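Hello,

Here is the structure I promised to send. Please open it first, then read my notes below.

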Amino acid sequence: MKANLSRLKKFEPEKEALMEEILEGLSKTQKELPSKLFYDKKGSSLFDEICNLEEYYLTRTETSIMTDNIDEICSVLGDNCVLIELGSGSSKKIRLLLSGLKTPAGYVPIDISEEHLLNSVRILAGDFPNLRIYPVYADYTQPFSLPAIKSTPSKQVVYYPGSTIGNFEPDYASEFLNRIGKELEIGDGLLIGIDLKKDKRTIEAAYNDKKGITAEFNLNILERLNRELGTNFDLDNWAHSAFYNKEHGRIEMHLRSLREQKVRVNGSSITQLKDETILTEYSYKYSIEDFKQLISDSFNLEKIWTDRENKFGILYFEVI
Ligand code: AVJ
């Protein structure tokens with residue numbers, strides 16, 4: 001069975017709703033833009049580049065934890081599960097699971113970048129010719145329905161790697177994952193990657209790489225808005241800024257205005273003072289105990305895998 005691309009499920013976010021969300025964010029005292037905007041075609045490949053950076057320990061560490069524990073992880077998941085991946089991107093990490101599981105009932109990659117999703121699925125289908133793939137093009141924070149799986153899975157496992165959950169504020173993360181838990185059945189699983197609290201220097205380096213790829217990734221949001229929504233941000237007037245906020249346990253990524261300027265957004269003119277910032281991303285770092293509490297309404301923590309330095313955690317939860 002090949003990936004059924006003709007039956008790609010699309011839940012494309014409406015442009016108008018997005019515009020409203022953007023305008024609302026830019027009207028706040030601390031201006032902000034939603035981080036999901038990072039992931040257009042260019043942003044998705046810049047993110048892939050970030051994952052290979054020396055300073056960006058997250059991907060490397062997560063992958064090595066997976067590799068080191070793949071047998072145990074697969075035996076916890078069970079051979080016949082269906083894997084549902086939130087934000088599948090290049091579908092690289094899933095390969096370890098797909099190679100380790102004997103007869104997975106299916107793979108449901110969900111991603112907000114249509115092109116990235118389809119390319120990755122095509123490549124994956126070539127390498128796993130017996131795998132049933134059911135791609136879903138959606139913003140997974142919005143309601144969407146899952147495709148019908150042809151063979152009956154032993155259970156459903158939501159795979160949410162990369163510490164992407166850290167992009168949401170803890171209250172929202174809690175509500176979002178607990179809600180997913182309610183849609184699953186008792187005994188279904190959540191395999192999730194979490195970036196753990198650690199020294200500020202290591203964290204800040206990961207978001208301020210020497211090659212400037214993260215800066216490019218951050219600025220790409222403005223380029224995208226100009227192209228897709230007709231705004232007129234002058235990219236030379238903005239600088240990347242990322243720092244660890246210890247009190248909140250999060251990296252904050254901002255775009256800082258290098259001078260006083262006005263920007264046109266959908267008919268409105270938005271004024272930026274010199275050094276005023278637009279917040280583009282939070283990346284929360286958790287302790288395992290805090291994260292466990294966060295989703296304890298729906299999930300019970302069953303297994304923990306980490307690296308030797310406790311930089312990153314892969315946690316397996318079961319729906320209760
Ligand atoms: C994909 C959300 C996990 O927060 O580390 C990387 C995105 N931003 N560098 C992260 C990101 C800047 C990344 N996540």
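**The ligand site**

Tyr 56 places a polar side-chain atom 2.5 Å from an oxygen atom of the ligand. I call this a polar contact, meaning a pair of N or O atoms within 3.5 Å; within protein, one must be able to donate a hydrogen and the other to accept it, and residues adjacent in sequence count only if both atoms are side-chain atoms. Tyr 207 also has a polar side-chain atom 2.5 Å from an oxygen atom of the ligand. For Glu 281, a polar side-chain atom lies 2.6 Å from a nitrogen atom of the ligand.

How much of the ligand does the protein bury? Alone, the ligand exposes 350 Å², and the protein buries 98% of that. Such areas come from the Shrake-Rupley method with a 1.4 Å probe; for residues, only the protein chains shown count as cover.

Helices (H or I, at least four residues) and strands (E, at least two) are DSSP runs, numbered from the N terminus. There are 15 residues around the ligand (a heavy atom within 4 Å). Tyr 56, Gly 162, Tyr 207, Glu 281 and Ser 283 come nearest.

A word on the model. It is predicted: local features need pLDDT of at least 70, side-chain atom pairs count only at pLDDT 80 or more, and totals for chains, interfaces and linings use all residues. Residues are numbered from 1 along each chain as its sequence is written, and side-chain values use heavy atoms, leaving out hydrogens and water.

**Two positive phi angles**

Ser 163 is not a glycine, yet its phi is positive, about 65°. Ser 163 sits in the loop between β6 (156-160) and α7 (170-183). Is Ser 163 buried or exposed? Ser 163 is buried, with a relative accessible area of 4%. Buried means under 20%, exposed over 50%, partly exposed in between (1.4 Å probe, protein chains only).

Asp 275 has a positive phi too, near 70°. Asp 275 lies in the loop between β11 (268-272) and β12. Asp 275 is partly exposed, at 42% relative accessible area.

**The cores**

A nonpolar core is a set of buried Ala, Val, Leu, Ile, Met, Phe, Trp, Tyr and Cys residues joined through side-chain atoms within 4.5 Å. The largest has 65 residues. Tyr 207 is among the members that touch the most others. The largest share, seven residues, comes from α9. A second, separate core of 35 residues includes Phe 176 and Val 319.

Best wishes
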